[in-house]
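Let's take a look at how the pieces of this structure sit together. Have the sequence and the 3D view open as you read.

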There are 2 protein chains.
Amino acid sequence: MQIAIVLYPGFTALDAVGPYEVLHLMPDAEVCFVGHEVGPVLADSGILSITATKSFDEITAPDIVPGELNRHRDRDERPHTPAVAQAGSRHHHMDYLSVHRRLDSRRRRHPARTTGHYTLDDAVALADVGAQSRPDDRIVHAGKVVTAAGVSSGIDFALWLAAEIHGHERARMIQLAIEYDPRPPFDSGHPSKVSAEFLEQTLAQMVPK
Amino acid sequence: MQIAIVLYPGFTALDAVGPYEVLHLMPDAEVCFVGHEVGPVLADSGILSITATKSFDEITAPDIVPGELNRHRDRDERPHTPAVAQAGSRHHHMDYLSVHRRLDSRRRRHPARTTGHYTLDDAVALADVGAQSRPDDRIVHAGKVVTAAGVSSGIDFALWLAAEIHGHERARMIQLAIEYDPRPPFDSGHPSKVSAEFLEQTLAQMVPK
């Protein structure tokens with residue numbers, strides 16, 4: 001089972017590494033990191049680089065493509081394989097709208113539903129394509145597409161996926177192996193848990209436009 | 001504030017990336033990744049590499065050194081700066097016992113206490129040096145040394161540390177920025193939550209010796 005984790009300049013490291021740490025423990029998982037070229041890809045911090053082990057051209061039929069669905073395009077501005085394009089043509093822009101359009105094209109079979117980091121303006125974008133936003137859900141599954149909330153939710157998403165593929169017992173073993181027994185010292189990980197003022201302040205100071 | 005995240009061949013990616021994703025959002029954080037040489041360092045999976053941006057020789061007075069405290073030595077077998085050696089001589093083995101010896105040397109001022117991934121045989125090793133093991137704690141703080149439980153706990157640890165340094169409000173903002181609102185689909189992230197048989201099976205199949 002080929003798992004191609006998408007990297008592009010400006011990616012968020014935990015978006016890639018959370019799912020990786022879970023999914024590479026699945027039986028028969030063949031994980032690679034895929035980028036424009038083989039070599040280091042610089043994350044949004046400008047500090048951390050993860051090495052792409054394959055280029056997009058080398059990935060023709062991946063089974064799973066975890067990746068960040070960000071409304072901000074790849075800083076490189078070249079098109080690349082989106083996280084949701086496994087079954088489609090090989091090169092797409094991975095911007096947020098193209099993701100929604102793909103969701104929309106499957107709408108007849110699977111009602112288009114999605115989630116994402118709460119800063120994505122998905123309520124508007126989704127209304128345009130007739131899809132339903134579920135911004136309060138951590139994981140949303142619609143046909144072949146699974147979307148998760150922001151950043152750290154990739155760990156939850158990957159455990160869910162491991163259970164879908166290999167059953168609950170295996171997923172529970174992976175959770176134990178990585179000691180994923182979260183005990184955040186605070187409870188401010190979602191906009192619903194903070195004041196509007198606090199959210200505003202956080203967005204202004206910490207979340208890239 | 002210099003934050004030097006230790007990488008060595010065979011490191012566990014989430015051990016480095018969890019703290020990184022939190023700590024690089026602290027004000028005035030100057031984060032680097034430090035390894036034997038500048039360049040890619042291969043993780044325990046044999047797949048993921050993160051680039052060391054500085055060599056150990058370049059790091060003389062880091063303020064914070066997040067790193068994996070693993071009983072398995074660096075696969076490179078060269079000595080390197082341990083996560084707890086900020087104030088000590090510059091090069092140490094980072095094996096588990098040296099960590100405990102350092103804890104022990106501070107015992108008079110700060111009772112040596114530690115935690116770690118539950119597979120560390122710390123009950124025995126710690127008894128040898130007269131320190132107290134607290135394997136059920138997620139975060140343990142003893143003087144300059146903070147130890148956390150395994151792998152994913154690095155996120156909890158880093159949020160705690162951000163609050164110690166910059167106050168609760170800032171730490172809560174970081175938690176919101178990375179949407180750290182964990183909702184694991186299962187509850188098997190700690191040995192106390194599974195059967196002895198399940199733990200045995202997980203160790204045999206998934207946790208490197």
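In this predicted model, α1(B) lies across β1 and β2 of chain B, running at about 165° to β1(B). Here, axes are lines fitted to C-alpha atoms (for helices over the stretch in contact), with angles from 0 to 180 degrees between N-to-C directions; helices (H or I, at least four residues) and strands (E, at least two) are DSSP runs, numbered from the N terminus.

Residues are numbered from 1 along each chain as its sequence is written, and chains are lettered from A in the order in which they are written. Because the model is predicted, local features need pLDDT of at least 70 and side-chain atom pairs count only at pLDDT 80 or more, while totals for chains, interfaces and linings use all residues.

Now for the sheet: three strands of chain B make an open, parallel one, ordered β1-β2-β5. β1 and β5 of chain B are at the edges with a single partner strand each, so one side of each has no neighbour in the sheet. β1(B) and β2(B) pair over five bridges (pairing takes at least two DSSP bridges), and B:Gln2 is opposite B:Glu30 in β2(B).

How many residues does each chain bring to the contact? Chain B and chain A each give 58 residues, where contact means C-beta atoms, placed from the backbone, within 7 Å. α5(B) gives the most on chain B's side, with eight residues. That side divides up like this:

| Class (chain B side) | Residues |
|---|---|
| Nonpolar (Ala, Val, Leu, Ile, Met, Phe, Trp, Tyr, Cys, Pro) | 34 residues |
| Polar (the others, Gly among them) | 17 residues |

Conventions
Contact = placed C-beta atoms within 7 Å.
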